[in-house]
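Look at the sequence and the model below before reading on. The report works from the whole chain down to single side chains.

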Amino acid sequence: MLASMEMKSEGLPLPKPDATGDELFRLGLLYSTGQGGAPLDYVSAHMLFNLAAMRGSVEAKVYRKELADEMASDEVAEAQRQARQWLAQG
């Protein structure tokens with residue numbers, strides 16, 4: 001797993017506050033595809049792509065937009081709320 005990831009009690013990786021845009025992007029890819037032990041979870045993927053984009057990942061902006069087009073508006077809102085919560089905890 002990525003160096004700057006820590007594991008939740010359920011065994012799912014959570015990014016640490018110092019995760020880079022590239023690390024956040026790669027983790028978002030896992031959630032958007034359900035690979036690498038991550039569940040298929042578009043809300044988490046969108047949250048991670050959003051955070052990655054904020055940290056300079058151009059690819060994450062593209063993936064976030066494509067994913068948002070496939071999601072319901074309440075799911076996008078939840079992903080944004082989770083991103084804000086993660087930033088506040090960091």
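The text below covers the overall fold, then a group of aromatic rings, then one serine.

This is a predicted model, in which local features need pLDDT of at least 70, side-chain atom pairs count only at pLDDT 80 or more, and totals for chains, interfaces and linings use all residues. Residues are numbered from 1 along each chain as its sequence is written, and side-chain values use heavy atoms, with hydrogens and water left out.

**The chain as a whole**

The protein chain holds two strands and four helices; these are DSSP runs numbered from the N terminus, with at least four residues of type H or I for a helix and at least two of type E for a strand. Their order along the sequence is β-β-α-α-α-α. The protein chain has 90 residues, of which 37% are buried. Buried means under 20% relative accessible area, exposed means over 50%, and partly exposed lies in between (1.4 Å probe, protein chains only). A contact means heavy atoms within 4.5 Å. Among contacts in the protein chain with a separation of 6 or more, 44% are between residues 24 or more positions apart.

**Aromatic rings**

A pair of aromatic rings is described by the distance of the centres and the angle of the planes. Rings of Phe, Tyr and Trp (its six-membered ring) pair if their centres lie within 6.5 Å; planes under 30 degrees apart count as stacked, over 60 as edge-to-face and the rest as tilted. There are three aromatic pairs by this rule. Two of them are listed here.

| Pair | Centre to centre | Angle between planes | Type |
|---|---|---|---|
| Phe25 and Phe49 | 5.6 Å | 40° | tilted |
| Phe25 and Tyr63 | 5.2 Å | 80° | edge-to-face |

Phe25 lies in helix H1 (residues 21-33) and Phe49 in helix H2 (residues 42-54), 24 residues apart. Tyr63 lies in helix H3 (residues 58-70), so its pair with Phe25 ties together parts that are 38 residues apart in sequence. Ring pairs link Phe25, Phe49 and Tyr63 into a cluster.

**Ser57**

Where is Ser57 found? Ser57 sits in the loop between H2 and H3, and is buried, with a relative accessible area of 5%. The Ser57 side chain reaches the backbone nitrogen of Ala60 at 3.2 Å. Beyond its neighbours within four places in sequence, Ser57 is in contact with Gly21, Phe25 and Ala52.

Definitions and conventions:
A polar contact is a pair of N or O atoms within 3.5 Å; within protein, one must be able to donate a hydrogen and the other to accept it, and residues adjacent in sequence count only if both atoms are side-chain atoms.
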